[in-house]
Amino acid sequence: MTSPVVELSDDRAARRGLRLFLKRDDLIHPEIPGNKWRKLKHNLGPARAHGTVLTFGGAYSNHIRAAAAAGRIFGFATIGVIRGEEHLPLNDSLAYAERMGMRLTYLDRASYRRKHDPDVVDALRERFGDFYLLPEGGSNALAVEGCAELGAEVPGFDVVCCPCGTGGTLAGLAAGLAPRQRALGFSVLKGGFLSGEVERLQRETYGGRRGNWRVEDGFHFGGYARRTPELDAFTDDFAERHGIVLDRVYTAKMMFGVLALAGRGAFPEGARILAVVTG
Ligand SMILES: *Cc1c(COP(=O)(O)O)cnc(C)c1O
C-alpha cells in the first residue's frame, strides 16, 4: 500500500515559484502510522520468529505505541523499556501501550543513555529471557530498508523533506531516491549530532553513505518536544489554511522549516518540494 500525495496551495511557496506537496504517510496504517509502520514492516518477520520484542523509548514515544500495537496485531509479545521513572497514572501513550499488551519497565536516565551497550542489554536478557531487540525509535538496518521504499514511491519530486528524531527515516528515504533528487531532514533535537547518526545507519545498512541528503539543524525550537509561541501560532495557522493538524513534536517543525527556507530563497525556482507527513 502507498500513501496519498496532495498538493498544497500556499502563497508562501507560490511566491517563490515553488510547488509544495504533502506525502500523507500518516494515513498509511490505522494503528501504526507513518514512518513507524515503514520502520517496523521488515522487522515483523524476525519479531514473530523470536516471539518477543524488547524496545526502548521515552514516556511519550510514538515508537513505543507503534511497537505495542504491532505486537497485538501481528502476534508477538512486547516489552517497552521506558526512560526515567514510572509515573502513575500512566500517560495516554503508555496506557495505550499497556492496553495493547506491552509489558512496561523503566531504566534510570544514566543507564538509559547506555541502553544499547552489551552489559545493559545482558542485564535485560537475564531479567526477561530471549528477545528480539529493536533499538530506540525502531531504527535498525531493516527499518532503513523499509524507509527506502518511501523514497522509491516519490520519483516526481526534486526535494523530499522529513523530520528527524533518530535519523532512520532520513537514512532510508535518501537511499531510496533517484540520483537527481535530494533529501532534506529537519532535526527536532538540539545538538547537531544527527548527521552522524544518519551516516552510521546507512553504513550499517548499505556499507556506506547513500543518496544526496543533508540534515538541517536550524528548526529544533529548543530541542525535543520543546515548543515556542511562534511554532504554536504557525501550527494553528497551518491547520486553518489547509485543514491538516501537524504534530508539534515532528511535522510542525519540518513544515515551519520548509516554508522558512522557501522564504529565504533556498530552493531553486520551479522546484517541486515534497514534505513527508511522517505521523
Ligand atoms: C518517530 C517519528 C519521527 C522520527 O523518525 P526517525 O526515523 O526517528 O528520525 C518523525 N516523525 C514522526 C511523526 C514520528 O513519530
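Me: Where is the place of Gln 202?
Reply: Gln 202 sits in helix α10, where helices (H or I, at least four residues) and strands (E, at least two) are DSSP runs numbered from the N terminus. This is a predicted model, in which local features need pLDDT of at least 70 and side-chain atom pairs count only at pLDDT 80 or more, while totals for chains, interfaces and linings use all residues. Residues are numbered from 1 along each chain as its sequence is written, and side-chain values use heavy atoms, with hydrogens and water left out.

Me: Is Gln 202 buried or exposed?
Reply: Gln 202 is buried, because its relative accessible area is 0%; buried means under 20%, exposed over 50%, and partly exposed in between, using a 1.4 Å probe and protein chains only.

Me: And what does Gln 202 touch?
Reply: Not counting residues up to four places away in sequence, Gln 202 touches Ala 171, Ala 174, Ala 175, Gly 207, Gly 208, Arg 209, Arg 210 and Trp 213, where contact means heavy atoms within 4.5 Å.

Me: Switching topic, which residues does UniProt list for a domain?
Reply: An unreviewed UniProt entry lists residues 13–279 as "domain: Tryptophan synthase beta chain-like PALP"; UniProt positions are given in the numbering used here, feature names are shortened, and annotations may be inferred rather than shown by experiment. Over residues 13–279 the chain is 43% helix and 18% strand, with the end C-alpha atoms 23 Å apart.

Me: What does the domain assignment of the chain give?
Reply: The assignment gives domain 1 (5–31 + 140–276) and domain 2 (44–138), with bounds that come from an automatic or database domain assignment. Seven residues from domain 1 and 11 residues from domain 2 take part in the contact, and the C-alpha centres of domain 1 and domain 2 lie 27 Å apart.

Me: Which residues touch the most other members in the largest nonpolar core?
Reply: They are Leu 20, Cys 161, Phe 186, Met 255, Val 258, Phe 267 and Ile 273, out of 29 residues in the largest nonpolar core. Such a core is a set of buried Ala, Val, Leu, Ile, Met, Phe, Trp, Tyr and Cys residues joined through side-chain atoms within 4.5 Å. The elements giving two or more residues to this core are β2 (19–23), β7 (159–164), β8 (182–187), α11 (229–242), α12 (251–263) and β10 (272–276), and α12 supplies the largest share, eight residues. Apart from this core lies another, of 25 residues, among them Ile 82, Leu 90, Leu 104 and Tyr 132.

Me: How many residues of α2 are buried?
Reply: Seven of the eight residues of α2 are buried, so α2 is largely enclosed by the rest of the structure. The buried residues are Gly 34, Asn 35, Lys 36, Trp 37, Arg 38, Lys 39 and Leu 40, and they pack against β2, α3 (44–50), α4 (62–74), β6 (132–134), α8 and α9.

Me: What about α8, how far apart are its end C-alpha atoms?
Reply: They are 17 Å apart, which agrees with the 16 Å that the 12 residues of α8 (residues 141–152) should span at 1.5 Å a residue, since the expected span is 1.5 Å times one less than the number of residues. At the start of α8, a side-chain oxygen of Asn 140 comes to within 3.3 Å of the backbone nitrogen of Leu 142. What covers the buried residues of α8 includes β2, α2 (34–41), α9 (168–176), α10 (194–206) and β10.

Me: Where does Asp 25 lie, and what is it in contact with?
Reply: Asp 25 lies in the loop between β2 and α2, and it counts as buried because its relative accessibility is 1%. Leaving aside neighbours within four places in sequence, Asp 25 is in contact with Ser 3, Pro 33, Gly 34, Arg 38, Leu 150, Val 276 and Val 277.

Me: Last topic, the backbone: which peptide bond is cis?
Reply: The bond from Leu 88 to Pro 89 is cis, with omega near -5°, and Pro 89 is in the loop between β4 and α5 (92–99). Most residues other than glycine have a negative phi, and most peptide bonds are trans.

Me: Which residue has a positive phi of about 55°?
Reply: That is Phe 221, although it is not a glycine. Phe 221 lies in the loop between β9 (213–216) and α11, and it is buried, with a relative accessible area of 14%. Ala 225 has a positive phi of about 65° and is in the loop between β9 and α11, but Ala 225 is partly exposed, at 40% relative accessible area.

Technical notes:
A polar contact is a pair of N or O atoms within 3.5 Å; within protein, one must be able to donate a hydrogen and the other to accept it, and residues adjacent in sequence count only if both atoms are side-chain atoms.
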